[in-house]
Amino acid sequence: TAPSPRAAAGKSSLLITFKTNSADLTAESKHALATVAKALQSDKLAGYSFSIEGHADPRGGVELNQKLSESRAQSVVEFLVASFGILPERLVPVGKGSSEPLNADRPDAPENRRVTIVTKR
């Protein structure tokens with residue numbers, strides 16, 4: 001069966017993850033973001049803006065994780081703007097640090113080093 005087009009509460013179900021201590025987009029992340037960009041360019045989402053939430057795993061210090069999560073969010077915004085012409089005013093980068101792990105049982109899990117895209121309106 002095909003996945004539901006609507007993930008939980010306006011969040012994208014595509015996982016955009018990063019290597020440890022890096023804000024550089026991987027080839028897999030760029031591929032996932034190309035899919036995101038197509039959706040953002042659609043008429044259905046034209047009137048919406050989005051919070052681009054960067055996350056870090058808890059292995060670094062609080063300050064480092066905050067900066068890293070902000071850099072990850074900014075990397076995604078810059079890629080979507082430069083590569084797909086998404087208007088920057090529709091994308092608000094937010095650093096969440098390590099406050100919202102997806103996998104609390106495995107702190108170093110890749111899904112804890114991610115960017116989540118949330119609809120703002």
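Biologist: In what order do the 4 strands form the open sheet?

Modeller: This is a predicted model, in which local features need pLDDT of at least 70, side-chain atom pairs count only at pLDDT 80 or more, and totals for chains, interfaces and linings use all residues. Residues are numbered from 1 along each chain as its sequence is written, and side-chain values use heavy atoms, with hydrogens and water left out. Strands are DSSP runs of E with at least two residues, and helices are runs of H or I with at least four, numbered from the N terminus; two strands pair if DSSP finds at least two bridges between them. The pairing is mixed, and the order is β1-β4-β2-β3.

Biologist: Which strands stand at the edges, each with a single partner strand?

Modeller: β4 pairs in the antiparallel sense with β1 over 2 bridges and with β2 over 5 bridges. One side of each edge strand is left without a neighbour in the sheet, because each has a single partner; these strands are β1 and β3.

Biologist: How many of the 6 residues of β4 are buried?

Modeller: Buried means under 20% relative accessible area, with exposed over 50% and partly exposed in between (1.4 Å probe, protein chains only). β4 is largely enclosed by the rest of the structure, because the number of its residues that are buried is 5.

Biologist: At about what angle does α2 run to β3?

Modeller: α2 lies across β1, β2, β3 and β4. Axes are lines fitted to C-alpha atoms, for helices over the stretch in contact (heavy atoms within 4.5 Å), and angles run from 0 to 180 degrees between N-to-C directions. For α2 and β3 the value is about 160 degrees.
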